[in-house]
Amino acid sequence: MADAAFVIVPPLAAMVFKAAGRHPVAGLIGGFAAVGAGYSTALVPTSLDALFAGITTAVMGTLPNTEFAPVNAMSNYYFNVASSIVLGVLAGFIIDKVIEPRMWQQDVPTEEDIDPEDAAERGDRDENGEELTAELRPAETKGLMWSGIATLILTAIILFATLLPDSPWRNEEGGFLPKSPLLNSIVFIVFAYFLLLGVVYGRVVGTVKGITDVVNMMMGALKDMLSFLILAFILGQFVALFAWTGIGTFTAVKGAAFLESIGLTGFAAIFAFIVLASCLNLLIISGSSMWTLMAAVFVPMFALLGYEPAFIQGAFRVGDSATQIITPLNPYMIVMLGFLQRYEREAGLGTLMSRLVPFVIPFFTAWAILLATWFYVDLPLGPGNNVMIG
């Protein structure tokens, strides 16, 4: 879903800006920047949280005697919520004060310069041949309403099931932290929400007429994920081989000893890790691939220095995001360039990158300061997960 946002959010943001009387290209640029530079953070848990948590847990197997809190899809939740709010406000400020004024000053067109036939081929028009707009049709409004009602009902059921004194979703002590069936079921709960909302909405608007439509949609989604599944298989083999050879443990122990010998064990070491991740992010676009490579060494290494794996995972999210919107290796840059050329036919990759640069340093700085706040105040990153082990 995080990758899909690169394609969905920018054109939607442009439509909303245009409907509000603002410059659509500012919304287009801002939408892409917010998704890319704030990648992997959200107000609700996503599939990326579960993916990162799985990688983090797998590599901790190289240090079986280390005591650490279990890592799950909620382990960075508190930090993610705060990051989403801070970065969202910052993105709005940059769009309003920097990007949009520049669009008006440079006299960037506010209307798309495209042929009707091209628009139809690209899917810019609905099944009746009418141009897609930000205004919802009555059926779509009704679908959203019923989806909201379904969400409230599901939430009420989950709350009832978890708040019962003898709920099976509680742990043996009757609580939820640091580990419980509830936290272990986060991935299933997220899946249940998306499935219910999608089916209810599709049923109301008419795109889902029966179970066959749901199965076909799932098959289509699985087909799109085949390349990722192949990549996940390869990465899984890499982690297993790393643990089997002992290279990860050896590197982690030697690296931790080296950092201690030079006195680089505080937030300075964490910041150096973030900078390294940001630099590698210019070359390795896949967050899961880069986290697999880095986690195999840095999670055990920082664990030997006393840091929780969930905290190192949170630090990686900072470095993995800010520079993602200025590397030409990002495949979604080409997609974004196609969106931009609807307004500016002569725009090139350099034009796009120059308009995205104002987001990089502010996002990196704000997110690093937020992580430093978590470090020095010793705030929990998520339910049961802290900065330091123990």
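Which residues form a nonpolar patch on the surface? V7, I8, V9, L12 and V335 do, with about 340 Å² of accessible area together. The model is predicted: local features need pLDDT of at least 70, side-chain atom pairs count only at pLDDT 80 or more, and totals for chains, interfaces and linings use all residues. Residues are numbered from 1 along each chain as its sequence is written, and side-chain values use heavy atoms, without hydrogens and water.

Patch members have over 30% relative accessible area and no salt bridge; nonpolar side chains (Val, Leu, Ile, Met, Phe, Trp, Tyr) are joined within 5 Å, like charges within 9 Å. A salt bridge is a side-chain nitrogen of Lys or Arg within 4 Å of a carboxyl oxygen of Asp or Glu. Areas follow the Shrake-Rupley method with a 1.4 Å probe, and for residues only the protein chains shown count as cover. Helix 1 (residues 2-19) supplies the largest share of the patch, 4 residues. Helices are DSSP runs (H or I, at least four residues), numbered from the N terminus. V7 lies in helix 1. Its relative accessible area is 34%, so V7 is partly exposed (buried is under 20%, exposed over 50%, partly exposed in between).

Rings of Phe, Tyr and Trp (its six-membered ring) pair if their centres lie within 6.5 Å; planes under 30 degrees apart are stacked, over 60 edge-to-face, the rest tilted. The count comes to 19 aromatic pairs. F6 and Y39 are stacked, because their ring centres are 5.8 Å apart and their planes at 25 degrees. F6 is buried at 2% relative accessible area. Y39 is buried at 7%.

F271 and F364 pair edge-to-face, with centres 6.0 Å apart and planes at 70 degrees. This pair ties helix 12 (residues 267-281) to helix 16 (residues 349-377), parts that are 93 residues apart in sequence. F271 is partly exposed at 34% relative accessibility, whereas F364 is buried at 16%. One aromatic cluster comprises F267, F273, F298, F302, Y307, F311, F375 and Y376.

Helix 8 (residues 186-205) has 20 residues. At 1.5 Å a residue, the helix should span 28 Å; its end C-alpha atoms are 29 Å apart, which agrees. The expected span is 1.5 Å times one less than the number of residues. I186, I189, V190 and G202 are buried in helix 8. Their cover includes helix 6 (138-163) and helix 7 (181-184). Just after helix 8, G206 takes a positive phi of about 100 degrees.

Conventions:
Helix = DSSP H or I, 4+ residues; strand = E, 2+ residues; numbered from the N terminus. Buried < 20%, exposed > 50% of the residue type's maximum accessible area, 1.4 Å probe, protein only. Contact = heavy atoms within 4.5 Å.
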